[in-house]
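Open the model in a viewer and keep the selection panel at hand. The stops below run from one chain to the other and say what to select at each.

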Amino acid sequence: MPKDSGIGASSKRREDVRFLTGAGNYTDDINVRGQAYVHFLRSDIAHGRIKSVDTSAAEGMPGVVKIFTGKDFEGVGGIPCGWEVTDKHGAPMQEPPHPILAQGKVRHVGDPIAAVVADSLEQARDAAEAIDVDIEVLPAVMNMKAAAQDGATLVHDDLKNNICYDWQLGEADDAKVNEVFANAAHVTTLDLVNNRLVANPMEPRVAVAEYSRGTEDYTLYTTSQNPHVIRLLMCAFVLGLPEHKVRVVAPDVGGGFGTKIFHYAEEAFCTFAAKACNRPVKWSSSRSEAFMSDAHGRDHVSTIELALDADNNFVGLRTNTYANLGAYLSTFSSSVPTWLHGTLMAGNYKTPVIQVNVKAMFTNTVPVDAYRGAGRPEATYQLERVVDKAARELGVDPIALRRQNFITQFPYDTPVALTYDTGDYNGTMDKLEAAADLAGFAARRAESEAKGKLRGLGINCYIEACGIAPSNIVGMLGARAGLYDAATVRVNATGSISVMVGAHSHGQGHETAFPQVVADMIGIDESMIEIVHGDTSKIPFGMGTYGSRSLAVCGSAMVKATEKVIEKAKKIAAHLLEASEADIELKDGQFSVAGTDKSVAWGDVTLTAYVPHNYPLEVEPGLEETAFYDPANFTFPSGAYACEVEIDPETGQVSVEKFTAADDFGNIINPMIVDGQVHGGIGQGIGQALLENCAYDENGQLLSASFMDYAMPRADDLPFYAVDHSSQTPCTHNPLGVKGCGEAGAIGSPPAVVHAVLDAMNSGGKAVDQIDMPVSPSRVWAAMNG
Amino acid sequence: MTQVSMTVNGKPVSGDVEGRTLLSGFLREHLSMTGTHVGCDTAQCGACVVHVNGEAIKSCNMLAMEADGADIGTIEGQANADGSLNVIQQAFQDHHGLQCGFCTPGMVMSTAALLKDNPRPTEAEIRKYLEGNLCRCTGYHNIVKAIMAASGQDVSQIAAE
């Protein structure tokens with residue numbers, strides 16, 4: 001029986017009402033009295049030396065308040081990188097400065113050169129057109145392998161080369177790895193590209209900053225997934241402001257998918273300019289501007305080799321990847337191709353010897369950072385593609401080959417630094433086989449063929465590491481931040497509760513799901529509990545929402561704080577009931593004395609906490625508790641996906657006919673929301689596989705800078721999805737046994753789609769073992785007719 | 001500056017606008033009706049869809065001056081008279097047809113226009129009609145399902161909630 005409230009119920013989302021009636025409060029909806037508007041003049045050249053920026057003609061134009069150039073920020077810090085990666089020789093990564101406005105050189109199309117603050121946005125734009133910029137064009141560094149060669153043009157003149165780091169994980173002894181491959185019965189090798197993507201949350205980024213001369217306080221409203229992180233980075237590293245004088249608010253945020261984690265120059269600019277201009281300053285990105293200023297995602301070029309013994313056991317895996325970081329280091333960019341990628345190369349398999357090699361490259365492109373999945377989709381795509389290719393080469397069933405190599409004993413220490421606490425990969429695959437009706441595939445293929453179409457079935461498995469992280473571990477790995485989270489449970493006198501959480505909700509439904517947990521623990525109605533998030537002045541601290549961490553980390557902090565509240569409330573109840581605290585039980589919102597009919601209601605205890613007339617003297621009045629929670633390990637969601645496609649052999653057009661996901665997320669708080677998260681991830685994954693590509697030409701011009709040119713998945717590109725979340729091995733180390741579900745769909749689906757396309761092409765008699773994403777009609781047609 | 005007058009959700013409004021002021025800008029900045037969202041600058045995303053004389057129009061692609069004298073409907077005017085969610089809005093909540101909410105006003109306005117012309121659209125007709133409305137959160141599954149439910153169709157057999 002589905003529950004109708006509390007943990008496990010598909011409670012309808014309370015936030016929906018405001019979104020459905022136009023009453024949301026997104027950052028662009030916020031206007032501050034007296035505000036001015038900023039327009040950034042951005043480089044239309046990918047790489048060049050700035051010879052002069054002449055603002056004189058623009059200065060006197062109508063409405064212009066002030067014009068800023070790189071010179072105005074010479075004494076100001078640059079945008080910091082939050083993770084220092086150590087290369088395989090023990091040296092720190094090369095870390096070039098990232099100024100707020102370009103200094104000396106422009107390094108990508110979209111690099112901001114000047115900023116015009118004016119009374120209206122139109123006036124700011126008009127004046128920006130009158131700025132005369134003289135740039136000496138330099139060759140654009142676009143190809144990663146060429147950029148790694150000695151003598152290549154340098155993106156950053158002060159660095160020794162364009163390689164940010166040359167990193168390795170796993171078996172460090174090359175001879176040992178070579179021996180494994182030399183002795184293998186079969187080696188499968190694959191070269192592939194993980195295409196560059198743009199996250200494109202539907203809400204473009206916005207920043208509004210104000211400064212009070214009276215109190216010397218700043219307030220920044222910004223489209224962020226983690227307002228405390230923005231405040232910390234901006235205050236400590238960029239502007240040198242005291243944290244307690246800066247409030248950062250991330251109100252309703254229209255999607256993030258990673259790209260709103262990072263601290264961006266525009267946020268720091270508006271905050272700086274609000275004081276410099278003595279006026280609030282607002283910036284609203286246009287979509288075209290978003291394409292050239294939001295951090296991009298993926299963009300890996302990899303060679304992967306899988307060694308198998310004579311019985312088809314995986315005995316070795318080696319990868320060599322070039323990872324594009326773009327022109328500057330975005331906030332968490334350095335961690336994505338390394339600790340969020342290399343560590344996942346074991347996947348679901350007990351491969352004993354693994355070596356991961358990554359060269360991270362500077363190029364004249366927009367910075368690249370985390371996008372839904374962040375490193376884990378790149379790992380999954382390489383691993384699963386090579387496993388699928390091996391199955392085809394060996395003529396064995398791809399599911400059987402996977403099952404044969406599944407990890408089945410937990411906890412399991414991988415050769416790439418992780419310890420999986422729990423999982424049931426065979427059980428999850430069983431769920432997939434049933435939910436996807438794999439037994440019926442042959443009949444469906446025959447139906448497609450009768451229509452003149454080719455039909456293919458693609459299978460894929462994934463594991464991801466979520467809930468980042470134990471702070472002591474990530475600290476050793478180079479993280480410059482702790483990655484705990486925090487919650488305050490504030491019980492009001494009348495029994496209602498405000499929970500201030502460090503996680504930020506921008507589509508994930510925290511305002512609905514988090515109260516389900518607290519309601520369950522106390523036994524009161526969900527409607528008595530409200531979640532407060534997104535404002536540094538209201539919440540204790542928070543590292544924010546990314547990496548499918550909100551419930552696993554912040555939810556755990558909320559549970560701990562609620563436990564403290566209950567513990568204190570029991571002391572008060574014991575006093576009221578004249579009983580021993582040890583005998584007090586809490587159920588359905590009633591404190592009772594075990595074995596008696598004596599009880600007192602939740603609301604009576606909370607009122608007593610604030611009107612402490614009849615009260616235990618040793619207990620402080622009030623009922624409010626805070627907890628910080630630092631996890632003991634990552635969580636490890638896993639799953640098995642099946643995709644069926646049809647190809648029109650005349651045109652190469654691919655259509656997804658059936659998509660099934662079986663995931664193990666551990667315990668589930670709100671099944672409706674979890675299913676929705678998986679749907680969305682699959683939609684983005686199919687988008688990556690079939691449609692999306694952020695394209696540059698050889699001169700560094702961004703060819704896909706609007707929704708006219710960047711193929712976002714639309715409703716008629718996608719099917720209904722079947723999702724099954726009944727495989728549940730609860731996380732062993734957090735109080736709710738939850739694992740995280742936000743990224744799974746985007747990680748698990750791209751390989752499934754490509755496998756299905758390859759299967760369909762091969763079913764048509766064309767032996768094709770490689771095709772790159774996006775699997776466009778022209779690529780399919782070329783592969784089939786090449 | 002030119003004065004424009006129009007009816008928005010049944011109320012007469014007017015304001016002075018520049019020639020280049022878009023209808024979306026007039027609604028958001030002049031009238032402070034921020035329910036209508038702007039998600040792109042190429043008339044692709046559909047977050048800004050409103051009704052102009054009963055037709056679904058992308059308000060970022062129409063000058064405010066062009067709407068002079070028109071009857072405009074926005075997301076703020078969609079709920080029932082008593083403030084409760086209308087059938088489409090309720091179906092979106094019931095079937096989790098929204099996540100971040102940014103595309104939602106456009107989705108609701110487009111759905112209203114679709115169902116006016118086609119009260120019982122098929123799945124394929126819905127997907128085709130929504131080509132001009134982008135959503136990045138839902139993968140469209142629950143949006144399509146919500147629209148089918150809003151048009152009185154049984155959605156209980158559609159793969160997974």
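Which elements of chain A do the buried residues of H6(A) pack against? They pack against strand E10 (218-222), strand E11 (246-249) and helix H7 (265-276) of chain A.

**Before selecting**

This is a predicted model, in which local features need pLDDT of at least 70, side-chain atom pairs count only at pLDDT 80 or more, and totals for chains, interfaces and linings use all residues. Residues are numbered from 1 along each chain as its sequence is written, and chains are lettered from A and ligands numbered from 1 in the order in which they are written. The predictor gives the complex an ipTM of 0.98 and a pTM of 0.97. Chain B averages a pLDDT (the predictor's confidence in each residue, from 0 to 100) of 96, and 98% of its residues score at least 70.

**Stop 1: helix H6 of chain A**

Select residues 227-239 of chain A, which form helix H6. Helices (H or I, at least four residues) and strands (E, at least two) are DSSP runs, numbered from the N terminus. Of the 13 residues in H6(A), 10 are buried. A residue is buried if 20 or more other C-beta atoms lie within 10 Å of its own, exposed if 12 or fewer, and partly exposed in between, with C-beta atoms placed from the backbone. Among the buried ones are His228(A), Ile230(A), Leu233(A) and Val238(A). Step just past the helix to Gly240(A), where phi is positive, at about 65°.

**Stop 2: Gly542 of chain A**

Next select Gly542(A), in the loop between strand E21 (529-532) and helix H15 (550-577) of chain A. Is Gly542(A) buried or exposed? Gly542(A) counts as buried because it has 27 C-beta neighbours inside 10 Å. Leaving out residues up to four places away in sequence, Gly542(A) touches Asn226(A), His228(A), Asp485(A), Ala486(A), Val501(A), Gly502(A), Ala503(A) and Cys554(A). Contact requires the C-beta atoms of two residues, placed from the backbone, to lie within 7 Å. His228(A) was also listed as buried in H6(A).

**Stop 3: a sheet in chain A**

Colour the strands E7, E15, E14, E13 and E8 of chain A, given here in their order in an open sheet of five strands with mixed pairing. Two strands pair if DSSP finds at least two bridges between them. At the edges are strand E7 (163-170) and strand E8 (186-197) of chain A, each pairing on one side only. From one strand to the next the twist averages 10°. Axes are lines fitted to C-alpha atoms, for helices over the stretch in contact, and angles run from 0 to 180 degrees between N-to-C directions.

Zoom in on strand E13 (residues 297-308) and strand E14 (residues 314-326) of chain A, an antiparallel pair with nine bridges. Ile304(A) has Thr319(A) in E14(A) as its bridge partner. Now show helix H5 (residues 174-182) of chain A, which packs on the sheet and touches E8, E13, E14 and strand E15 (353-362) of chain A. The direction of H5(A) makes about 125° with that of E14(A).

**Stop 4: the two domains of chain B**

Move to chain B and colour domain 1 (2-77) and domain 2 (87-150) separately. These bounds come from an automatic or database domain assignment. The C-alpha centres of the two domains lie 21 Å apart, and 15 residues of domain 1 are in contact with 11 residues of domain 2. On the domain 1 side, strand E3 (49-52) and strand E4 (55-58) of chain B each supply at least two residues. E3(B) gives the most, with three residues.

**Stop 5: a sheet in chain B**

The strands of chain B include an open sheet of five, ordered E2-E1-E5-E3-E4, with mixed pairing. Strand E2 (11-17) and E4 of chain B are the edge strands, and the twist averages 40° from one strand to the next. E3(B) pairs with strand E5 (residues 71-73) of chain B in the antiparallel sense over two bridges. Select His51(B) to find Gly73(B) of E5(B) opposite.

**Stop 6: between the chains**

Finally, show both chains: 47 residues of chain B are in contact with 48 residues of chain A. On the chain B side, helix H2 (87-94), helix H3 (104-117), helix H4 (123-129) and helix H5 (141-150) each give two or more residues. H2(B) gives the most, with four residues.
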